[in-house]
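This report describes the aromatic contacts of one protein model and then turns to its sheet. The sequence and structure are shown first.

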Amino acid sequence: MDVEAEPLSLLRERTSLKWRAFPDDVLPLFVAELDYPLAEPIRDALFEAVRRSDTGYAASAEPLAQAFAAFAARRWGWPVDPGQVVATNEVGSAVVEVLRMILEPGDEVVITPPVYPPFFDLVPEAGGLVVDVPLLHGQTGWTLDLDGLEAALRRGARAVLLCNPQNPLGHPHGIEDLTALAELADRYGAFVVSDEVNAPLAYSAESFTPYLTVSPAAAQHGVCVTSASTAWNLAGLTCALIVTASERMRLLTSALPPGIRERTGHLGLLASTVAFRDGGPWLDGALAALEANRGLLAGLLDAHLRGVGYEQPRAGYLAWLDLRSLGWGDDPAAVALERAKVALLPGLLFGTPGAGFARLNFGCSPDVLSEAVSRIAAAT
């Protein structure tokens, strides 16, 4: 099915962060919110819930667990046991609560910049200390720094907080890297918590590998946290999943405080169940539109901002732009906002490797994307 972004006149009626953070003369391409209308099955389910005043507390998450398991089997050939799926309110909270079950105060947790900015805060919230092991970038693209990871684990790091596919790069980690990480974690008695919220947005299903599937070792020490929020634009409805694949890790998550489950939003649970169960055609249409936009962005940059570095992501709708050639300093997003009235997310939020970079959301109309690049080019 065809999925198209709504016009700016309609989008500016929205009251979410994307459309209230800046004045109307700014093109907001900073936060991970899509400009597409809700998938009809999700919209209809929400309308029907409101019609019957069904806005109370969330009930059993079993239908959501069943829907996610079926989606994972269809999309990635991943045989998820619905009995090993726990619902909660959002991915960040899930990460914190899982880490609290794993860590002693002061334990080190490895993250791999450039990476989703909240990672830098979630680890200390859980009582841990952040250890940076930045990704490596070479002729073959992005890879995990396995030597750096081993050194951190050998020194006693208790866990690795993985982002797969990696935000802001749109990079699904390869099975070789994931298998090697699992071997290291097993060798040093560490855990891996894998944020896989961007997994449904992989442009090729074969390009994404769920961490828990790479080896028996990964299943024994790994936890997946995920959600329908990013792919189906449901962030405001508060629902996420904690998924395990072994009895050891099921016992760990079963010991989570009861309040973890109780925080799940009722409308979020309903919408997420419909997304995973019936949202496939809409998702495929959205991915087709996004795939066209990631190519359009490459062409626009080549035509108007040739010195800007950009590798087309293999998942998601976020572009990691190397703007160092513009001479706009470590925070080019600030210059783009001031001079071009285009809001990007500053690269430094993703760690020290982000100096001179910015993240752009291309989950918008081709016209808005073209206008954004034209504005930035005119400001150089």
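Trp232 is buried, with a relative accessibility of 1%; buried stands for under 20% relative accessible area, exposed for over 50% and partly exposed for values in between, with a 1.4 Å probe and protein chains only. The model is predicted, so local features need pLDDT of at least 70 and side-chain atom pairs count only at pLDDT 80 or more, while totals for chains, interfaces and linings use all residues. Residues are numbered from 1 along each chain as its sequence is written, and side-chain values use heavy atoms, with hydrogens and water left out.

**Aromatic pairs**

Rings of Phe, Tyr and Trp (its six-membered ring) pair if their centres lie within 6.5 Å; planes under 30 degrees apart are stacked, those over 60 are edge-to-face and the rest are tilted. The count by this rule is 12 aromatic pairs. Two of the pairs are listed here.

| Pair | Centre to centre | Angle between planes | Class |
|---|---|---|---|
| Phe71 and Trp232 | 5.7 Å | 70° | edge-to-face |
| Tyr116 and Phe119 | 5.9 Å | 80° | edge-to-face |

The pair of Phe71 and Trp232 links distant parts of the chain, 161 residues apart: Phe71 belongs to helix α4 (residues 62-76) and Trp232 to helix α10 (residues 229-232). Helices (H or I, at least four residues) and strands (E, at least two) are DSSP runs numbered from the N terminus. Phe71 is buried at 2% relative accessible area. In the other listed pair, Tyr116 is partly exposed at 32%, whereas Phe119 is buried at 0%.

Phe71 and Trp232 also belong to one aromatic cluster, together with Phe68, Trp76, Trp78, Phe208 and Phe276. Elsewhere, the charged end of Arg294 sits over the ring of Tyr203, 4.2 Å from its centre; this term requires NZ of Lys or CZ of Arg within 6 Å of the ring centre and within 35 degrees of the ring normal.

**The sheet**

Seven strands form an open sheet of mixed pairing, in the order β2-β10-β9-β8-β7-β3-β4; two strands pair if DSSP finds at least two bridges between them. β2 (85-88) and β4 (129-132) are the edge strands, each with a single partner, so one side of each has no neighbour in the sheet. From one strand to the next, the twist averages 25°. Strand β3 (residues 108-111) pairs with β4 in the parallel sense over four bridges, and Val109 has Val130 in β4 as its bridge partner.

Technical notes. Axes are lines fitted to C-alpha atoms, for helices over the stretch in contact, and angles run from 0 to 180 degrees between N-to-C directions.
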